Amino acid sequence: MENYIKAVSVSRHFSARVCRNIVSTVNLGCPLDLKFIALQARNAEYNPKRFAAVIMRIREPRTTALIFSSGKMVCTGAKSEEQSRLAARKYARVVQKLGFPARFLDFKIQNMVASCDVSFPIRLEGLVLTHQHYEPELFPGLIYRMVKPRIVLLIFVSGKVVLTGNDTQYTKPQ
Amino acid sequence: MFSSSSSDGLALPRVQCPNHPDAILVEDYRAGDMICPDCGLVVGDRVIDVGSEWRTFSNEKALKDPSRVGDAQNPLLNGGDLTTMISKGTGAASFDEFGNSKYQNRRTMSSSDRAMLNAFKEISTMADRINLPRNIIDRTNNLFKQVYEQKSLKGRANDAIASACLYIACRQEGVPRTFKEICAVSRISKKEIGRCFKLILKALETSVDLITTGDFMSRFCSNLGLPKQVQMAATFIARKAVELDLVPGRSPISVAAAAIYMASQASAEKKTQKEIGDIAGVADVTIRQSYRLIYPRAAELFPPDFKFDTPVDKLPQL
């Protein structure tokens with residue numbers, strides 16, 4: 001399996017690993033009144049019967065945030081770590097402008113999803129060893145749980161690979 | 001002199017022939033003896049027979065089996081059922097003045113294993129629906145027992161775990177059943193069975209082999225009533241198609257179904273895609289897709305000694 005990963009890094013045709021989604025959390029440090037935020041802010045939806053958080057969206061960088069009444073916030077949809085941090089700061093700013101003493105504590109990236117393409121078809125039957133799950137009946141991709149950087153790769157026959165589960169700031173070097 | 005049955009090797013003293021301590025004793029259950037094969041000395045007598053009292057000819061215990069000693073002992077699966085039960089009385093003396101039976105309480109037997117026994121019954125019912133042999137049922141029971149004792153999947157429905165164990169047992173015995181076939185005899189959805197399947201593999205730290213197209217050929221073809229020639233041709237086609245990698249990423253079931261379709265269309269017994277789809281549990285569009293992939297090289301896929309009823313160029317093109 002590691003050979004394939006090395007092959008990926010040396011292959012000329014391999015297209016760059018693109019980060020598709022980053023999920024991060026931050027603590028704004030003060031309790032929030034969700035109803036007030038939902039009424040005042042633009043692009044906010046709040047449906048307490050369905051979910052106990054305000055869902056706010058901003059256009060630049062295009063992200064979505066879930067803001068909870070305890071002051072904790074989850075920011076999703078950003079394409080890079082920097083953008084995620086920036087977006088979280090923007091949300092904090094919005095909350096601050098509404099009058100809450102928001103701060104920016106414990107910003108942590110929880111998950112990063114990336115995809116890449118090795119550009120050659122992969123024979124999944126040959127890859128199945130110990131760490132893998134491949135059930136063609138259930139899901140067409142092979143699920144490889146790598147131990148050292150603790151990530152999960154979904155490997156497809158077409159040569160596309162999806163990497164996820166990466167919660168360290170360091171993105172895995174292919 | 002202590003008698004010990006051959007399965008009990010714990011702290012009890014082992015029975016040995018005084019002249020031949022190394023000889024393995026032969027158990028003569030009809031006379032209840034343990035005999036040394038070297039000198040013929042009867043070493044242990046009055047061995048208690050733990051089998052059933054007389055022969056019963058049904059697969060499972062018949063409702064009116066008036067056995068006085070209860071069921072045959074099943075020590076592998078239960079936690080050793082040495083319990084006492086009060087059964088329902090039959091004579092007049094067991095009813096008190098109001099017509100109610102005395103000693104109503106049947107005294108729950110081994111309540112900790114009650115769920116397990118229920119699950120075994122469910123497994124047996126499911127396996128009976130698709131006519132699975134005893135060895136698969138035994139293996140399923142063993143798997144279920146292991147998973148149950150581990151308690152790592154305690155939150156999941158027992159039926160789901162039982163269905164997943166059945167699926168794994170079929171795979172391990174080399175006769176895999178598709179998830180859809182197991183779904184058909186179980187009330188659990190395919191998604192849930194699939195989830196439990198992955199969890200059980202992780203919990204028991206086993207793995208199963210990949211399914212191949214040939215595992216399903218005999219079953220599907222006989223369900224469709226296709227002759228042996230067609231079945232062999234379909235097996236060959238499917239294997240060749242996978243070897244040549246004409247069908248990357250397709251589930252082996254779909255490839256098998258497409259191969260059966262091609263083989264049957266080339267022979268005298270032509271089956272429609274819908275019929276094959278019904279038997280295999282694949283949609284007919286899926287068969288169409290896989291068929292389109294193998295059609296261009298149909299000529300090389302057939303076995304060399306195949307008798308064509310419809311020649312290769314007249315095969316339907318979808």
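1. In chain B, three strands make up an open sheet with the order 1-2-3 and antiparallel pairing; strands here are DSSP runs (E, at least two residues), as helices are (H or I, at least four), numbered from the N terminus. Strand 1 (26-28) and strand 3 (42-45) of chain B are the edge strands, each pairing on one side only. From one strand to the next, the twist averages 25 degrees. Strand 2 (residues 33-35) of chain B is joined to strand 3 of chain B by three bridges, where pairing requires that DSSP find at least two bridges between the strands. B:Met34 is placed opposite B:Gly44 of strand 3 of chain B.

2. This is a predicted model, in which local features need pLDDT of at least 70 and side-chain atom pairs count only at pLDDT 80 or more, while totals for chains, interfaces and linings use all residues. Residues are numbered from 1 along each chain as its sequence is written, chains are lettered from A and ligands numbered from 1 in the order written, and side-chain values use heavy atoms, without hydrogens and water.

3. Helix 1 (residues 114-129) and helix 2 (residues 134-150) of chain B pack at an angle of about 150 degrees, their axes 10 Å apart; axes are lines fitted to C-alpha atoms, for helices over the stretch in contact, and angles run from 0 to 180 degrees between N-to-C directions. The two helices of chain B are therefore roughly antiparallel, the term for angles over 145 degrees.

4. B:Gly214, B:Met217, B:Ser218 and B:Cys221 of helix 6 meet B:Gln231, B:Ala234, B:Thr235 and B:Ala238 of helix 7.

5. Over all chains there are 14 salt bridges, each a side-chain nitrogen of Lys or Arg within 4 Å of a carboxyl oxygen of Asp or Glu. One of them joins B:Glu173 and B:Arg139 at 2.4 Å, N to O. B:Glu173 lies in the loop between helix 3 (158-172) and helix 4 (179-185) of chain B and B:Arg139 in helix 2 of chain B, so the pair ties together parts 34 residues apart in sequence.

Key
Contact = heavy atoms within 4.5 Å. Parallel < 35°, antiparallel > 145°, perpendicular 65-115°, else oblique.
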